Each structure stands twice: as structure tokens, then as C-alpha cells.
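Dear colleague,

Please find below the structure that I am handing over to you. My findings follow directly after it.

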Amino acid sequence: MGLCRAFADPRRLTEPKASAFADPRRLKPAARLGIARDQGNQHHRRHPRRVDERDSQTNGEDCCMKIIRRPTVYLVGRQQLDEGQIQQFLDDHGVSNWTTDASTAGDELPEFAGRLCYMSFAKPRPGGNKTYLGHIKEVGHGSVLEHAVWNFIFTGVSRSFTHELVRHRAGFGYSQLSQRYVDESVADFVEPDCIADDPKLHEVWQSAVQHAQEAYIKLVDGLQAKFSDIEQKTQRRKMARQAARSVLPNATETKIFVTANARALRHFVELRCSEHAETEIRMVAAQVLEILQREAPNIFNDYAFAELPDGTRAASTPHGKV
Ligand SMILES: Cc1cc2nc3c(=O)[nH]c(=O)nc-3n(C[C@H](O)[C@H](O)[C@H](O)COP(=O)(O)OP(=O)(O)OC[C@H]3O[C@@H](n4cnc5c(N)ncnc54)[C@H](O)[C@@H]3O)c2cc1C
């Protein structure tokens, strides 16, 4: 797997990064001041970093910055059933005996919604929830899959990743870290494996990112001085940051809260876990699919993972765009 190769590089694991980027004490005075002045704001409260498995998937880390090589996907919310209300509905409609073998709310709700369309609670065909949802996927009755919804947070992802992600409009909701309100002078950066694994290319990348961040810090300083007639500090900082961020690279780490339904997530996984998708979004899509195959096994069981020649994973399904 690419993951193993990436972290097998002993230089990444043992050698401290010889760069101003990795050590705020080496930044030029203005940049250092820029960081010091903002201490105590929301972004700095992240430190000291929690040392856990996720941090082991990084390199170039010190007290203030790190280079990130792997995204983290948190499942923070899932569908919940109100069994009492479901039974009440069944009782009210003379089909009290209906039951399902669905093991999760994510699998049960679309079956329930589909059965409501034809009021087919009384005499379900054999095969249970798995067969029912399999049929839904075959005939493309995908709207019932919109009733199962999950909430995720993606972190350790780049701005280029989120730009691709938010192109998925139907059935998705987003809340993303603001570069107008949040100080990016201590931002982390996401480095693609194919660059990180090559020492020469890594140096080029690191130098570019470092210079961009130094420019950002100088611009925030300069713009705050320029806007010194604006009394309100928050407004002044926002105006400085919103202009200064124009020099930040696509690699800048961001965080995004994502809510989506099963139908939309199937389409996302189909496009973004495909072998043709970009590597970073494919890594996220693969993690999302793994989670969803646990959360709603009968909705997502038709996706099969395969290992690509470069050791990364892709997934595909015979039931495209339900
Ligand atoms: C490998 C790959 C390469 C790509 N390269 C590029 C690129 O070079 N440039 C670029 O700009 N984008 C690119 N994209 C993004 C792509 O064009 C889509 O914007 C993205 O995949 C979201 O797909 P979607 O519009 O189907 O999703 P959603 O917006 O979630 O829509 C889902 C479905 O709902 C329906 N729908 C949604 N909105 C409308 C609407 N307004 N009218 C009618 N039907 C609608 C469509 O059936 C659509 O497929 C790429 C995507 C992939 C996977």
C-alpha cells in the first residue's frame, strides 16, 4: 500500500526538517512577530498537539506546524429511528406485524420509505432488507435512499480537495473552516505522496509552501497596518486575512463538516473512489465507503474495493448513479 511506502521513508521519520517552515524561531522577525501577536486565538488553541495515531501519519511536525500525508474522516452523526412512531404508523394503517431484518437505521429507513410508496408492508417478498434494497438499486428507485443521512468531518485535507468535494451539490451540505476569520499563519499543509516520496521534489514543494506562508504573514501584517483606521479588531483582521489568503497554496490544510444522504454518497463514491479520481479525494472516498459499508451494509454492499498498481485503493459498482 502507498501508506506503508510513505512512512517507510526513514528520512521522513527520523530527520528533523531543516527549514524555517518547520521551526517558528527561524522565521524572519516580522513573520515571528506575526505569529506571536496572534497567540491565543482560535487557531493556536489546537496546541500542544494530541499525539495519537493520526499524528503518526505526518511528517515535518514540530510545535507549530506539520505536513499532513493522510486525511482523517470522522463520522459524527447518523440517522436514528423512532421505533414508537414507526409502530404507531404501522398500527394506524393495519400493518402492525411488519418487521424488517435491517441491522441499522440507515438500511431500514429507505426500505420503510420504499414500502410506503406502494403500501407493501403486509406481504413483503422474501429476502429481507438486503433483497429489497438490492432491487431498489437495480430498478434505480434511488429517491428512497435520500432518507438515510450521515454527518462527517474531514480534516487533514487540502483546499484543492475541498474545491473538488463541493462540486457535489445534490444531497450534500457543507460548513468549512473560514480563511477570513481563522489565522492561517500557523496552517498545516497537505503534501501528495508522489512529491513527499521524492527528496528533490519534496524540497521544491516545501520551499514553495514556506515562501507562500511567509508572504501571507507579511501581507497580514502590512494589511492590518494599512487598515489601522478600522477600529474594530475583528473586522480589521478579517479584511487583512481575506486579502492575504490569496497567496496561500492549494496545499493549505482545511477542515470541512459534511452532511449527505445515501443516494448522494453513492454518487460521490462512484465518481471519487474511481481509479480515475484524484488521489487525495479517492483516499477520502475510500474511508467514507468503508464507514458506510458498516453503517448501511445493504445500501453500500455492491461496491467492491480493488488495489491499483500504485498500491492505492479504488472501488466500483455495477449499479451506477441509482
Ligand atoms: C475524474 C473527474 C474529473 C473531473 N474533472 C473536472 C474538470 O476538469 N473540470 C470541472 O469543472 N469539473 C470536473 N469534475 C467535476 C464534475 O464535473 C462534477 O462537477 C462533479 O463530479 C460533481 O458531479 P455531479 O454534478 O454529478 O454531482 P452533483 O452536483 O451532486 O449532482 C448529482 C446529479 O444531480 C443532477 N444535477 C445536479 N445539479 C443539476 C442541475 N443543475 N441540472 C440538472 N441536473 C443536475 C445530475 O444528474 C448530477 O449528476 C471532475 C470529476 C471527476 C470525477
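Just after helix H6, Met119 adopts a positive phi of about 45 degrees. Helices here are DSSP runs of H or I of at least four residues, and strands are DSSP runs of E of at least two, both numbered from the N terminus. Please note that this is a predicted model, in which local features need pLDDT of at least 70 and side-chain atom pairs count only at pLDDT 80 or more, whereas totals for chains, interfaces and linings use all residues. Residues are numbered from 1 along each chain as its sequence is written.

Helix H6 itself covers residues 105-118. From its first C-alpha to its last, H6 reaches 20 Å, close to the 20 Å expected at 1.5 Å a residue (the expected span is 1.5 Å times one less than the number of residues). Its buried residues include Gly106, Asp107, Leu109 and Phe112; buried denotes 20 or more other C-beta atoms within 10 Å of the residue's own, exposed 12 or fewer, and partly exposed the range in between, with C-beta atoms placed from the backbone. Among the elements covering the buried residues of H6 are strand S3 (72-78), helix H5 (83-92), helix H12 (262-272) and H13.

Helix H13 (residues 279-295) contains Gln293. This residue counts as partly exposed because it has 18 C-beta neighbours inside 10 Å. Leaving aside residues up to four places away in sequence, Gln293 touches Phe300 and Asn301, where contact requires C-beta atoms, placed from the backbone, within 7 Å. The C-alpha atoms of Gln293 and Tyr303 are separated by 8.7 Å.

Around the ligand lie Arg167, His168, Arg169, Ala170, Ala264, His267, Leu271, Arg272, His276 and Ala277, each with its C-beta atom, placed from the backbone, within 6 Å of the molecule.

For the protein as a whole, there are 14 helices and nine strands, and 32% of the 322 residues are buried. Of the contacts with a separation of 6 or more, 76% join residues 24 or more positions apart. The mean pLDDT (the predictor's confidence in each residue, from 0 to 100) is 84, and 80% of the residues reach 70 or more. Over residues 1-63, however, the pLDDT is below 50, and this stretch has 76 contacts in the model beyond near neighbours in sequence.

Yours sincerely

How values were computed:
Two residues are in contact if their C-beta atoms, placed from the backbone, lie within 7 Å.
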